[in-house]
Amino acid sequence: MIKQRTIKQSVQETGIGLHKGDKVTMTLRPAPANTGIVFRRVDLEPHADIPARAEAVGDTMLCTCITNADGVSISTVEHLASALAGLGIDNIIVEVDSDELPIMDGSASPFIFLLQSVGIEELNAPKQFIKIKKSIKVKDGDKWAELRPHDGFRVDFRIDFDHPAISQTRQHMVLDFDSSSYVDEVSRARTFGFMKDLEYMNANNLALGGSMANAVALDEYRVLNPEGLRYSDEFLKHKILDAIGDLYLGGHSIIGELVAYKTGHGLNNKLLNALLQNQACWEFVSYDNSEELPIRFASPILAN
Ligand SMILES: [Zn+2]
């Protein structure tokens, strides 16, 4: 049986929140089977739980935020969600003493490191995958995203930035996670932003924690970070990282292909909700053994 996963023990990390720029302490805790991903605001009394659910996602202009039935929210969940997807972790409690997760270095890599440092524990319950049976597509202007049946997990992603530093890098790629490693190929890609936007946001008390320590910063012509890019196609890969995280807020790894053109958090979430509401397009599947499992990025070997 391919089993659900959690982490072996708790681990704590401190970082800066992107929005407020304050110190945030996050504790990742193991959780029993069928708990899912649950964020817990320990700055509130009583503590408030915010389960990750596709329909609870909102406020997607700068990042992904989820809200519980009582209206309590947690922001900047997408890079941790992407790391959890990459390692196939089904069940975890994410405690934070703020209304946002720490931004860390703007990628999923620090979260991967934390999760791998405590190790992955298998639980005695079948892991449930969402298998795409029929294509489903959502659009927003010229942007679109589609999930298609595929016996594995593959991402065919295209961005189209009319910016000299981005347009000279690769803007389209097909990543097949049968042969590519999420941890190696995707997890280190940082978020990116334009200095003019950051200056505008800071003037409006937004993104106060944003800096070159947690983003690739661009002026009108070039990358400003002295260390340059981590991947030659880091912009494209960060958009893929975001999409993987956004789709994992449904709580299950997807067996299928994501084909996307210029999507962001809002459209990714729209696609996930459209999928979950169209029962004819997908089914839950579980597997008896790893030979049957069509996706490699969630195999026990890679995660340990
Ligand atoms: Zn991102």
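H79 sits in helix 1, which covers residues 78–87. This is a predicted model, so let's take it as such and look around.

H79 is one of the residues that UniProt lists, in an unreviewed entry, under "binding site", along with H238 and D242. These residues are spread over 164 residues of sequence, yet they cluster in space, with a largest C-alpha distance of 9.5 Å.

| Residue | Helix | Relative accessible area |
|---|---|---|
| H79 | helix 1 (residues 78–87) | 5% |
| H238 | helix 6 (residues 234–248) | 1% |

Is H238 buried or exposed? H238 is buried, because its relative accessible area of 1% falls under the 20% cut-off. H79 counts as buried too, at 5%.

What does H79 touch, once residues up to four places away in sequence are set aside? Its partners include H238 and D242, plus I103, F111 and L241. H238, with neighbours within four places left out, is in contact with H79, G106, A189, R190 and T191.

Now zoom out. The chain has 8 helices and 19 strands, and 55% of its 304 residues count as buried. Along its principal axes, the C-alpha trace spans about 50 × 45 × 35 Å. Among contacts with a separation of 6 or more, 74% come from residues 24 or more positions apart.

On the charge side, there are 30 positive and 42 negative side chains, and the centres of the two sets lie 3 Å apart.

Conventions: Residues are numbered from 1 along each chain as its sequence is written. This is a predicted model: local features need pLDDT of at least 70, side-chain atom pairs count only at pLDDT 80 or more; totals for chains, interfaces and linings use all residues. Side-chain values use heavy atoms; hydrogens and water are left out. Helices (H or I, at least four residues) and strands (E, at least two) are DSSP runs, numbered from the N terminus. Buried means under 20% relative accessible area, exposed over 50%, partly exposed in between (1.4 Å probe, protein chains only). Contact means heavy atoms within 4.5 Å. Lys and Arg count as positive and Asp and Glu as negative; His and the chain ends are not counted. The place of a charge is taken as NZ of Lys, CZ of Arg, CG of Asp or CD of Glu. UniProt positions are given in the numbering used here, feature names are shortened, and annotations may be inferred rather than shown by experiment.
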